[in-house]
Amino acid sequence: MRYLERLSMNVNLLISLLFFICSVLFAQVYPDQFYELRIDSLKNKIETSSGVKLSNDGKSFVLEDNVLDGFIIFKEQTSQFPFNQGLPSYNGKVYDNQSGFKVQMRFPYGSGWSDWLTVGYWQTNIWNNYGLTAFNGGYIDVDYVKLTSYTSKWQFKVILTRNSLSSKSPSIHKISFFVNDSKTTSNVNVAQIVNDNPKEIFIPTSFIYQYGVDPVIGKDICSPTTVSMILRSYNIQVDPYQFAVTTYDSYHKMFGVWPRVVQNAAEYGLDGAVTRYRTWSETRKVLEAKGRIAMSLGSPLYPNGHLVMLAGFTNDGKVIVHDPAKSNGNSYIHDKTNLTQSWFAKGGISYTFYNPNNITSVENISDKNIFNSFELYQNYPNPFNPSTTISYFLTSPNSVQLKIYDVLGNEITTLVHEFQEAGNYKINFDGSNLSNGVYIYRLIVGNNSLVKKMILMK
């Protein structure tokens with residue numbers, strides 16, 4: 001009898017021990033991890049490739065001279081800790097709508113690998129088949145890798161394409177992957193984060209109200225509008241309407257696909273990635289290092305999702321943002337608890353940017369006061385046939401002239417000559433009666449002017 005009692009006790013102890021071990025294992029939360037491959041690392045990570053070479057300056061991968069299509073498969077990467085979620089992003093360059101690149105990933109599955117899954121493309125979807133986005137072990141939720149079990153391995157594949165050899169090759173020079181354990185977000189302690197009060201800092205910008213950019217798409221462009229404000233905070237000229245239109249994903253029919261917005265900023269020279277933050281103090285370090293952060297918010301402030309630019313912190317720990325959804329959103333202060341809940345309970349997803357080349361503008365503008373008072377954007381499309389749109393922005397009312405010249409400086413026409421209120425303006429120019437070539441357009445505001453070139457190609 002005692003033997004049976006002792007055996008029963010031992011069995012119960014064993015069951016309790018197993019239960020404890022399992023509970024510890026399942027309760028473990030793996031830390032966030034960020035992995036990026038820049039060109040020097042990418043060169044050493046090639047597993048196989050076809051039709052792709054290193055660019056002449058050694059800064060990116062491009063198509064071989066007489067090739068329309070090519071690809072690179074990079075060697076598998078291994079994380080230090082397991083993960084079940086990931087945020088991919090990429091930096092490259094595309095020169096026209098007849099060329100582009102597509103980024104794919106795969107993950108361990110069974111005794112091998114899953115099929116290749118498309119995680120994004122840039123700029124125009126010129127492929128007949130977008131590619132797979134799911135397998136039995138997980139799927140790509142638009143721009144977000146979600147796996148049904150934990151893994152610590154993945155591979156990247158990049159496909160480069162152009163429809164004609166006359167098109168300049170697309171290029172890519174950086175691939176990033178921010179991985180995490182979903183339990184980190186599930187276990188977020190909002191109250192603790194609210195009590196995190198970093199030191200005072202502030203990042204100004206030229207504010208943009210998203211609904212003022214365009215009456216049709218204004219409600220859908222919080223993401224590209226926020227990144228346009230980030231570009232402006234670096235004194236980089238950007239037309240927020242054109243930036244939004246370029247960002248639009250025709251496959252998913254969205255303006256806010258995360259890696260596409262990051263990639264569009266790369267076209268302006270920024271180094272960016274889709275990332276996460278878990279505390280306000282983490283973000284303070286980025287701002288202090290001259291980085292910029294776009295915050296992806298949810299409930300309770302924006303149940304349908306929204307993005308804002310993190311501007312900094314007040315001397316008493318309040319969070320300052322530039323919120324494009326509000327007409328008075330410049331340096332706006334939300335309730336800190338609501339803002340913390342809206343961002344960190346959604347996972348702290350963000351875009352993080354740096355300006356490595358210290359670019360002051362797409363065109364060299366030496367007078368910062370001129371930049372702040374008005375902006376002249378690159379015409380679109382360019383080259384054009386036979387018409388194009390010229391856009392500019394006035395920060396205050398003033399007398400305005402918009403003139404067109406040939407390359408010899410002869411005035412061809414005056415498109416605008418009037419007093420205008422502050423705001424965004426779009427002017428159509430028709431070159432039907434002109435011959436092919438380079439033309440100059442000049443915006444004169446008060447006593448100052450800015451000049452840009454455009455190409456008519458019939």
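Two strands count as paired here if DSSP finds at least two bridges between them. With that in hand, we can walk through this predicted model, starting with the pair of strands where Ile-444 stands opposite Ser-449 in S27.

**Two open sheets**

That pair is S26 and S27. Strand S26 covers residues 437–445, runs antiparallel to S27, and is joined to S27 by nine bridges. Both belong to an open sheet of four strands, and if you trace across that sheet the order reads S24-S23-S26-S27, with antiparallel pairing. Which strands stand at the edges, each with a single partner strand? They are S24 (411–420) and S27, so each has one side left without a neighbour in the sheet. From one strand to the next, the twist averages 15°.

There is also an open sheet of three strands, ordered S21-S22-S25 and again with antiparallel pairing. Here the edges belong to S21 (374–376) and S25 (423–430); each has a single partner strand, so one side of each goes without a neighbour in the sheet. The twist in this sheet averages 20° from one strand to the next. Strand S22 (residues 387–394) pairs with S25 over eight bridges, in the antiparallel sense. If you want a spot to look at, Thr-389 stands opposite Asn-428 in S25.

**A nonpolar patch**

Back to the end of S27. Met-457 sits in the segment after that strand, which spans 448–456. What makes up the nonpolar surface patch that includes Met-457? Its members are Val-407, Leu-408, Val-438, Ile-455 and Met-457, and together they make a patch of about 480 Å².

**Salt bridges**

How many salt bridges does a search of the whole structure find? The count is 16.

| Pair | Closest N to O distance |
|---|---|
| Asp-181 and Lys-183 | 3.3 Å |

Asp-65 lies in the loop between strand S4 (61–63) and strand S5 (69–74), while Lys-53 is in strand S3 (residues 52–54), so the pair ties together parts that are 12 residues apart in sequence. As for cover, Asp-65 is exposed, with a relative accessible area of 55%, and Lys-53 is partly exposed at 24%.

Glu-411 is partly exposed, at a relative accessible area of 43%, whereas Lys-403 counts as buried at 12%. Elsewhere, salt bridges that share partners link up Glu-36, Arg-38, Lys-174 and Asp-271 as one network.

Ser-228 is found in helix H6, which covers residues 222–233. With a relative accessible area of 0%, Ser-228 is buried. What is Ser-228 in contact with, once its neighbours within four places in sequence are left aside? The answer is Ile-208, Val-238, Pro-240 and Phe-243.

Asn-355 has its place in a loop, the one between strand S20 (349–354) and helix H11 (368–373). Asn-355 is buried too, since its relative accessible area of 14% falls under the 20% cut-off. Leaving aside neighbours within four places in sequence, Asn-355 is in contact with Tyr-234, Ile-236, Gly-269 and Leu-270.

**The chain overall**

Zooming out, the secondary structure of the protein chain comes to 11 helices and 27 strands. Its C-alpha trace spans about 110 × 60 × 35 Å along the principal axes. The chain has 458 residues, and 50% of them count as buried. Of the contacts with a separation of 6 or more, 69% are between residues 24 or more positions apart. The accessible surface of the chain comes to about 21300 Å², and carbon and sulfur atoms account for 51% of that.

Key
Residues numbered from 1 in each chain as written. Predicted model: local features only at pLDDT ≥ 70, side-chain atom pairs only at ≥ 80, totals over all residues. Heavy atoms only, no water. Buried < 20%, exposed > 50% of the residue type's maximum accessible area, 1.4 Å probe, protein only. Contact = heavy atoms within 4.5 Å. Patch = residues over 30% accessible without salt bridge, like charges linked within 9 Å, V, L, I, M, F, W, Y side chains within 5 Å. Areas by Shrake-Rupley, 256 points an atom, 1.4 Å probe, with all protein chains shown as cover. Salt bridge = Lys/Arg side-chain N within 4 Å of Asp/Glu carboxyl O. Axes fitted to C-alpha atoms, helices over the stretch in contact; angles between N-to-C directions.
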